[in-house]
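Open the model in your viewer and have the selection tool ready. Each stop says what to select and what is there.

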Amino acid sequence: MVDTYEYLDSPPAEEARRLAAVRRYQLVDRPVEPAYDRIAHIAATIVDTPIASVTMVEENRVWLAACYGLTVREIGNEPGLCASAIGQDGVYVVRNAAKDPRTVAHPLVTGELKLRFYAAAPIRTRDGFRLGTVNVIDRKPRDPEQKHLKSLEYLAEIVADELELRLMAIRGAR
């Protein structure tokens with residue numbers, strides 16, 4: 001278990017470079033694009049959860065580039081979920097958020113959503129920045145299978161590939 005949150009405890013210069021990487025893909029504050037919407041749907045289907053999303057972690061919020069099972073487009077970046085998931089390379093898993101010290105006080109756990117299960121694979125750029133996650137959420141505790149966690153990693157890699165194609169299109173349009 002992680003005792004610190006690398007995202008929150010990282011040096012400001014490194015975080016500034018990560019935020020610049022998030023912004024270069026021009027995905028935040030944009031309408032949902034079908035490719036990311038399909039990824040969220042596939043993630044929810046594979047892991048059999050009612051909620052899944054593709055997120056970008058910004059300085060003061062988490063932008064949901066696509067979401068299956070929710071209609072919100074942004075949430076806070078409190079530690080414990082997406083903001084913590086980007087602090088590691090592997091899949092970040094919270095089996096029972098109501099009992100996990102990393103998430104017990106998180107607003108999505110204590111609030112109306114009553115989040116209990118969360119698993120997220122970081123979206124990592126070719127130059128090493130973790131921008132956000134492909135994640136799945138349930139309102140009941142779960143113990144995920146390894147094959148489901150591996151699928152989340154693969155979906156995050158597909159999102160990273162899509163982002164590189166997006167960046168080429170952005171640069172080509174200039």
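**Stop 1: G76.** Select G76. Leaving out residues up to four places away in sequence, G76 touches R61 and V62. The model you are looking at is predicted. G76 sits in the loop between strand 3 and helix 4 (82–85). Is G76 buried, exposed or partly exposed? Its relative accessible area is 29%, so G76 counts as partly exposed. G76 and E59 are 17 residues apart along the chain, and 9.8 Å separates their C-alpha atoms.

**Stop 2: R61.** Move to R61, one of the residues G76 touches. R61 belongs to the loop between strand 1 and strand 2. R61 counts as buried because its relative accessibility is 15%, and the cut-off for buried is under 20%. Which side chain makes a polar contact with the side chain of R61? Show E74: the two side chains meet in a polar contact at 2.8 Å. Beyond four places in sequence, R61 also touches V28, D29, M56, I75 and N77, among others.

Stop 3: Switch to a cartoon view. Six strands form an open sheet, in the order 3-2-1-6-5-4, with antiparallel pairing. Find the edges: strand 3 (74–75) and strand 4 (92–94) each pair on one side only. Strands of a sheet pair through backbone hydrogen bonds.

Next, select strand 1 (residues 51–57) and strand 6 (residues 130–138). They pair in the antiparallel sense over six bridges. Pick S53, then look across to strand 6: N135 is its bridge partner.

**Stop 4: helix 3.** Select residues 34–47. This is helix 3, and it lies across strand 1, strand 2 (62–68), strand 5 (117–124) and strand 6. Helix 3 runs at about 65° to strand 2.

**Stop 5: the cores.** Show side chains. The largest nonpolar core has 35 residues. Those with the most contacts inside it are V54, M56, I123, V134, L152 and L163. Which element gives this core its largest share? Select helix 6 (146–173): eight of the core residues come from this helix. Other elements that give two or more residues include helix 2 (12–24), helix 3 and strand 5.

Zoom in on V54. Apart from neighbours within four places in sequence, V54 is in contact with residues including Y36, I39, W63, I123, V134 and V159.

Notes:
Residues numbered from 1 in each chain as written. Predicted model: local features only at pLDDT ≥ 70, side-chain atom pairs only at ≥ 80, totals over all residues. Heavy atoms only, no water. Pairing = 2+ DSSP bridges. Helix = DSSP H or I, 4+ residues; strand = E, 2+ residues; numbered from the N terminus. Contact = heavy atoms within 4.5 Å. Axes fitted to C-alpha atoms, helices over the stretch in contact; angles between N-to-C directions. Buried < 20%, exposed > 50% of the residue type's maximum accessible area, 1.4 Å probe, protein only. Core = buried A, V, L, I, M, F, W, Y, C linked by side-chain atoms within 4.5 Å. Polar contact = N/O pair within 3.5 Å; in protein donor to acceptor, adjacent residues only side chain to side chain.
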